[in-house]
Amino acid sequence: MILVTGGAGFIGTNFVRDWLAIESEPVLNLDKLTYAGNPENLAALRGHPGHRFVQGDIADRALLARLLREHRPRVIVNFAAESHVDRSIHGPGEFIATNVVGTFALLQEALDYWRTVLRQDPGFRFVHVSTDEVYGSLGPRDAAFSETTPYAPNSPYSASKAASDHLVRAWHHTYGLPVLTTNCSNNYGPFQFPEKLIPLMIRNALAGEALPVYGDGRNVRDWLYVADHCTAIRAVLAGGAPGETYNVGGGSEMPNLDVVHTLCRILDELRPRDDGSSHEQQIAFVKDRPGHDRRYAIDSSKIQRELQWRPQHSFASGIRKTVQWYLDHQDWVQHVVSGEYRHWLETQYGATGEVKP
Ligand code: NAD
Ligand code: TYD
């Protein structure tokens, strides 16, 4: 049995579905079902004997203690987090509560379980899924982030993830808990909530709405197809050394504007606008994000060398699959674009929810 937290969110959903398609070991999936967690993501697993879902908070220590003793997982993979930078700017409290206090609670209960029930079994693993954003922002010619790059988080989101990474590290160093941390670049693919760049642009393009590009659109991110992130986590679980951290990236650095142009071109081909013009004419430059990190880039040579992991998708193949998935799952998009989602658009993009250049 493995315990996955946050397994109803974007990456967690992909991880759980992939795991159950490949492995025979069951999954206990603990998720609070915040706005980002969607039980519909797991509908295909209804009745699956290897999947057990529990709605709950990683900060609930009594619940964690009970679940760990009842199910005796040999592994914990921690995806549960508040994950959206813009939301962290509007309301950082939840980020501290889940990413910092929640991770602390999970570590404490994992440690107690490991010591008392598992009697310090060296095969136990606590994998903490983190982000490249903890390293801060790069200049155009700076070397990519490596595992030894000093932490310099700039947003409430990245600061809360950095804090959680430090706690995870300390629980290994001080108590010997067999932890591993992954720091991954921007993911994209099926089931991503349409508040993040790629699914938001696809949704808006299809709805005939503006495509809101922050600032000059020259901020650079490295993009990794989500299935490749899942294989990296499985590789770390199977072969990673406790106490180590692994940077995971797609080797696909790109300015945001290039990502948006690529999406427009694919949509022009697969779902042309009625008037025959390109979706590119929907692009609108809007006010920049405060403290917007300029560039992220990942050096993933350690995981490639030590665990023989490689991404299987190029950006070109992954983005096409992703657009096709959103086209095939418009009902999913309609369901998640609920009242709460409209409220978010109003908070972030203006009073009417319409994008203001
Ligand atoms: P997401 O926001 O889509 O999903 C987060 C999930 O966690 C949701 O299902 C939510 O209900 C759940 N959750 C939130 N608070 C919880 C709590 N207190 N207790 C239990 N469950 C809770 O996020 P994601 O994009 O899938 O990211 C997953 C993890 O990967 C996060 O830790 C994130 O920091 C990290 N990460 C994400 C990316 C990316 O590009 N999305 C890149 C690198 C790392
Ligand atoms: P996002 O998907 O929020 O991920 P992150 O901030 O964690 O990297 O944003 C990716 C990039 O796209 C980031 O530079 C901000 C930019 N962006 C826009 O230009 N417009 C948008 O509407 C959104 C959501 C993001």
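## Composition of the ligand shell

Ala, Val, Leu, Ile, Met, Phe, Trp, Tyr, Cys and Pro count as nonpolar, Asp, Glu, Lys and Arg as charged, and the others, Gly among them, as polar. On this basis, the shell around ligand 1 holds twelve nonpolar, twelve polar and four charged residues. The model is a predicted one.

There are 28 residues around ligand 1, and those that come nearest are Ile 11, Asp 31, Ser 83, Tyr 157 and Lys 161.

An oxygen atom of ligand 1 lies 2.6 Å from a polar side-chain atom of Asp 31. Nitrogen of the ligand is involved elsewhere: a nitrogen atom of ligand 1 is 2.8 Å from an N or O atom in the side chain of Asp 57.

Two or more residues of the shell come from each of helix H1 (10–22), strand S5 (125–131), helix H5 (156–175) and strand S7 (186–188). S5 gives the largest share, three residues.

## A nonpolar surface patch

Ile 96, Val 101 and Phe 104 form a nonpolar patch on the surface, and together they have about 240 Å² of accessible area. Ile 96 belongs to helix H4 (residues 93–116).

Is Ile 96 buried, partly exposed or exposed? Ile 96 counts as partly exposed because its relative accessibility is 42%, and that class lies between under 20% for buried and over 50% for exposed.

Note on methods. Residues are numbered from 1 along each chain as its sequence is written. Chains are lettered from A and ligands numbered from 1 in the order in which they are written. This is a predicted model: local features need pLDDT of at least 70, side-chain atom pairs count only at pLDDT 80 or more; totals for chains, interfaces and linings use all residues. Side-chain values use heavy atoms; hydrogens and water are left out. Patches are made of residues with over 30% relative accessible area and no salt bridge: like charges are joined within 9 Å, nonpolar side chains (Val, Leu, Ile, Met, Phe, Trp, Tyr) within 5 Å. Accessible areas come from the Shrake-Rupley method with a 1.4 Å probe; for residues, only the protein chains shown count as cover. A salt bridge is a side-chain nitrogen of Lys or Arg within 4 Å of a carboxyl oxygen of Asp or Glu. Helices (H or I, at least four residues) and strands (E, at least two) are DSSP runs, numbered from the N terminus. Buried means under 20% relative accessible area, exposed over 50%, partly exposed in between (1.4 Å probe, protein chains only). A residue is near a molecule or strand if one of its heavy atoms lies within 4 Å of it. A polar contact is a pair of N or O atoms within 3.5 Å; within protein, one must be able to donate a hydrogen and the other to accept it, and residues adjacent in sequence count only if both atoms are side-chain atoms.
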